[in-house]
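The sequence and structure come first.

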Amino acid sequence: MDLQKFYDGQEFSLYEFLGAHVTPSGVVFRTYAPSAREVSVIGAFNGWRGTPMHRILNGQFFEAEIAEAKPGQMYKFQITSGAGTHDHADPYAFSSQLRPETASIIWDMDAYRFRDGAYMKRRRNSRAGMTGTGASDANSFPGSGDVTVRPGQPLFFDRPLNIYELHLGSWKRKDDPEELARKLDEAKEKGEGIDVSSGWYRYEEIADLLVPYLKENHFNAVELMPLNEYPADESWGYQATGFFSATSRYGTPDGLKKLVDRLHQADISVILDIVTVHFATNDYALARYDGTQLYEYPNDAVNVSEWGSCNFNHSRGDIASFLNSASAFWLDKYHFDGLRFDAVGNLIYWMGDERRGVNTNTVEFLKKMNSGLKRLYPDTMLIAEDSSAYPGVTKPVPEGGLGFDYKWDMGWMNDTLNFFRTDPPYRRQEYHKLTFSMAYFYNERYLLPLSHDEVVHGKETIIQKMAGDYDRKFPQARALYLYMFLHPGKKLNFMGNEFAQFREWDEKRQQDFMLLKYPVHDAFHRYFRDLSALYLKYPALWQEDYVENGFHWLSADDTEHVVYAFERRTMGQTILCVFNLSDQRQEFLYREEQGAARAAAGSTLGLQLLIDSDDERYGGRTRVTEKIRPLVEPIELPPFTGRAYLEVEV
């Protein structure tokens, strides 16, 4: 380990040195505790009586090699300081006990052998700049070898990215959904809780269910909510205790590796949510690790986050190196294709409050971290969940930006959902909520999210947010998703969105897949599946996402009729997108000057219908028979509908 890099916040591989490492002669334990007087290892291998560790390097690190220690055994560090003697889990542990137990577990991180070599080679080659024509195999981030690459632009920006966001413990469960629901309701009435761990699938088990589901529904990426170790199920992993430890809720580190491996072999990219803002306050973990506020801010004004957790002190180089390494670790040891960083706005601004000003130390940390990660893993994605208007989040660091690849478009999400919440008679006043996103879209590389945050804590699910009664919600939700998939930007949907789940997400229960027994939900699911396939198939819907020529408004001011129209374009392909989001039948017609120009330039062109959100196959009322229509003929649109047409020669 390079001490200079460590203290400068430039180290990215601390997990190779610190923690518990299996050797031919036993296990070597190392920890960083600069204010400790003494440190011992206690564990199953020494009867929890303690083996003293000796100081190494500059005296702020401690080491012990124990011949009797073996993989799978539990251990802790017993740290004596001016604050007394306390037992702590290893900050660099690779595995941990299931809550409420708190010990770390020795694990050999090099034992598993991945079988995703072909996938990883394609991923590396995509960054090197493969070129081609067409888009016949556009179903994955690394695998679309036929897609044309823009000079100087990483290839995956020109790729379709259709992400399924997943909470591993509540997508599907082993126990009976109705019986579990009854038990949860009874426990809630009594003010009690129940342990739901018996219903969790193990990592490798869920692969058998997840891989075919993603393929059938045309998702080419999955985003897993945090899988670092954490004490409270209700935090969903966003308040961590083990930043290098795959949660034992679903099995072992090797099980998680097998899940990623299986997804890669199916040509599905895997993104992991991680948190570099804060950590859980539990006293057995990072809090006052060496008797002092080593990882947290020493200033009480900024020590505690809005979630009641401890804020990391990013101004310290040693803590920055810890977080750098905790990010690189998942890309290195688990082959994840990308990381989604939670609450980036809380890193940019003090306590996430713009009125407090920019936290320059943390902004500098982000720049160094992203630069280092892209240097080490240039073919991976770095995604910012950031609701602020801070400029340059996805601009390269040498150009003054923060260096992320994508940023969640929270403005698009809020405006879109607020528009669809609005009763139809009042949508004229809200019309431009659906046009505003394109006024700022090219400032960043945006990803459009309808995530877990939008379907919990009384916010209602996406289908429930639609204005009107039950029968009106489904056509509006179909129109919303058509708008989402035709709008520039990569896509992300939380589990359950694809079949219009009405119940808010609960991390203790699986998704309501029984809804698929009902024709209206089954038809909606078929629509979502066809829409996802359409998105992956046509390059005009993703190849020019971040190029202004890829989008052109045709109707962006028709407030009277609440009609919208635009084109998505790429080389040799144009798709017309039209919407009527009023409660009355409307029509779209090229304006006179547009129509004349189109007729003159496209006398041999027509429109081939790609998808109609009102198709009776999807639960709508239109029997679709139309194939190819004249380019400038009026398009009649029923209420709450949208269509996509491919421009073709006739």
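## Terms and basis

Buried means under 20% relative accessible area and exposed means over 50%, with partly exposed in between (1.4 Å probe, protein chains only). The model is predicted: local features need pLDDT of at least 70, side-chain atom pairs count only at pLDDT 80 or more, and totals for chains, interfaces and linings use all residues. Residues are numbered from 1 along each chain as its sequence is written, and side-chain values use heavy atoms, with hydrogens and water left out.

## The loop between strands 13 and 14

Helices (H or I, at least four residues) and strands (E, at least two) are DSSP runs, numbered from the N terminus. Ala232 belongs to the loop between strand 13 and strand 14. Its relative accessibility is 33%, so Ala232 counts as partly exposed. Ala232 lies 7.7 Å from Arg99, C-alpha to C-alpha, although 133 residues separate the two in sequence.

## Aromatic pairs and charges over rings

Rings of Phe, Tyr and Trp (its six-membered ring) pair if their centres lie within 6.5 Å; planes under 30 degrees apart count as stacked, over 60 as edge-to-face and the rest as tilted. The whole structure contains 68 aromatic pairs. One of them joins Trp236 and Trp505, whose ring centres are 4.7 Å apart with planes at 50°, so this pair is tilted. It links distant parts of the chain, 269 residues apart: Trp236 is in the loop between strand 13 (228–229) and strand 14 (242–246), and Trp505 is in the loop between strand 22 (490–494) and helix 15 (519–537). Trp236 is buried at a relative accessible area of 9%, and Trp505 is buried at 6%.

A charge sits over a ring if NZ of Lys or CZ of Arg is within 6 Å of the ring centre and within 35 degrees of the ring normal. Lys172 places its charged end over the ring of Trp171, 5.0 Å from the centre. Arg249 lies over the face of Tyr230, 3.6 Å from the ring centre.

## Parallel strand pairing

Two strands pair if DSSP finds at least two bridges between them. Strand 12 (residues 221–224) pairs in parallel with strand 11 (residues 162–166) over 4 bridges, and also in parallel with strand 15 over 4 bridges. Val222 is the bridge partner of Tyr164 and stands opposite Val270 in strand 15. Ala221 and Glu223 point one way from strand 12, Val222 and Leu224 the other way, and all are buried.

Strand 15 (residues 269–274) is in turn joined to strand 18 by 4 parallel bridges, with Leu272 partnered by Leu339. Strand 18 also runs parallel to strand 19 (residues 381–384), again over 4 bridges, and Phe341 stands opposite Ala384. Both faces of strand 18 (residues 338–341) are covered, with Gly338 and Arg340 buried on one side and Leu339 and Phe341 buried on the other.

An open sheet of 4 strands has antiparallel pairing in the order 1-2-6-5. Strand 1 (19–23) and strand 5 (54–56) form the edges, each pairing on one side only. Within this sheet, strand 2 (residues 26–32) and strand 6 (residues 61–66) are joined by 6 bridges, and Tyr32 has Phe61 as its bridge partner.
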